[in-house]
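Open your viewer and get ready to click along. Each stop on this tour tells you what to select and what you will find there.

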Amino acid sequence: MRVCIVGCGYVGLALAEQLIADGHEVAGVRRDADAVREAVPDAEAVAADVTDPESLTALPDADAVVFAASSGGRGATAARAVFVEGLWNVIREYGERTDPPDRLVYTSSTGVYGDHDGDWVDESTPLDPQTEKTEVLVEAERIAVETAAEYGIDGTVARFAGLYGPDRYRTARYVEGPVTEGYLNMVHRDDAAGAVRFLLTDRSLDPDPAVASADDADEATASGEADDAEAPSDGDEPLETPADYARGEVVLVVDDEPVEKWAFADWLADECGVARPEKRTTADRLAAGDLSAAAERRIQTSKRCDNAYLRESGYAFRYPTYREGYRDAIAAYRERTE
């Protein structure tokens, strides 16, 4: 299978590595193609800009397209240019070709839910975008499914929770504080990429050896299961066409355990061997009067995201919770401070 990753950045580069390891062909698209070439030498590096339709003629033909572009953390105007107009540009470019892709996966955000006062949300929960930027994301999700379908492309929305992982652990932010209350919904970068890989190929990530439980291994040996089981292998024959899972649908990509920020910060401080950080209520933080309107809305937004649909489909997380996902970050923090 040939996959084109448009916006081959933090998640896209990890996805490219995973797909190439499976034997698929990958093209990574960025304005700076050298960044792809340096990070994933086995991928085809393509220079293009989703906001410049003429540049998109450089996009290679593909069986599946992943749109994972970023607006660079800028405001709603920049977000619209990338997520709405840019996504539409990519769909039109591919849709008007003689042999368009079979599949599109668009990476969105759980920010589209708005505030649910700590209650659970899933794919069936009505959306309530509370900022201009999240309104843009809702519009982009519609384009990814409905507009893509008009061109005969099956679209899927992968709605990511907060990304963390290499270069994005933000350990000091939580262990040094102060920490404002509310829930964290997270997914490790490798599982964010792994979920998209699963959408396209029906293959989960192989377990991380550092996370595998010795107790599970001992139990399997004692029961005789280890002798009879066939170990998974990346050498399995890869699928030649995109998988059928979640076509025309939304999938929440979040780990198994949303966690209250105060509890997470205390756990992280304990693991890092430092004093637990100062805590602030939402009311205290708002009373300080130093937040932008967007930041105020953000800290008043609380929900817990349910990954049951992704789990029940068969995806197995490499990092099921923050406890497994933060092991490297904790070790690095201890090494710096001891």
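Start by selecting Ala-269, which sits in helix H9, residues 261-272; helices (H or I, at least four residues) and strands (E, at least two) are DSSP runs, numbered from the N terminus. Before you go on, note that this is a predicted model, in which local features need pLDDT of at least 70, side-chain atom pairs count only at pLDDT 80 or more, and totals for chains, interfaces and linings use all residues. Residues are numbered from 1 along each chain as its sequence is written, and side-chain values use heavy atoms, with hydrogens and water left out.

Is Ala-269 buried or exposed? Ala-269 counts as buried, at 0% relative accessibility (buried means under 20% relative accessible area, exposed over 50%, partly exposed in between, with a 1.4 Å probe and protein chains only). Now show what surrounds Ala-269: leaving aside neighbours within four places in sequence, it is in contact with Val-175, Val-274, Ala-275, Arg-276 and Pro-277, where contact means heavy atoms within 4.5 Å.

**The loops on either side of H5**

Next, select Gly-177 and Pro-178. A cis peptide bond joins the two, with omega about -10°. Pro-178 belongs to the loop between helix H5 (171-176) and strand S9 (179-180).

Then go to the loop between strand S8 (162-164) and H5, where you will find Asp-167. Its phi is near 70°, a positive value in a residue other than glycine, and Asp-167 is exposed, with a relative accessible area of 82%. Arg-170 is found in the loop between S8 and H5 too. Phi of Arg-170 is near 55°, again positive in a residue other than glycine, but Arg-170 counts as partly exposed, at 44% relative accessibility.

**The sheet**

Switch to a cartoon view and pick out the strands. In what order do the seven strands of the open sheet run? The order is S3-S2-S1-S4-S5-S7-S12, and the pairing is parallel; two strands pair if DSSP finds at least two bridges between them. S3 and strand S12 (250-253) stand at the edges with a single partner strand each, so one side of each is left without a neighbour in the sheet.

Zoom in on strand S2 (residues 25-30) and strand S3 (residues 44-47), which pair in the parallel sense over four bridges.

**Two helices side by side**

Finally, select helix H3 (residues 76-95) and helix H4 (residues 132-150). Their axes come within 9 Å and cross at roughly 5° (axes are lines fitted to C-alpha atoms, for helices over the stretch in contact, and angles run from 0 to 180 degrees between N-to-C directions). H3 and H4 are therefore roughly parallel to each other, a label for angles under 35 degrees. Show side chains at the contact: among them are Phe-83, Leu-87 and Trp-88 of H3, and Val-136, Leu-137 and Ile-143 of H4.

Notes:
Parallel < 35°, antiparallel > 145°, perpendicular 65-115°, else oblique.
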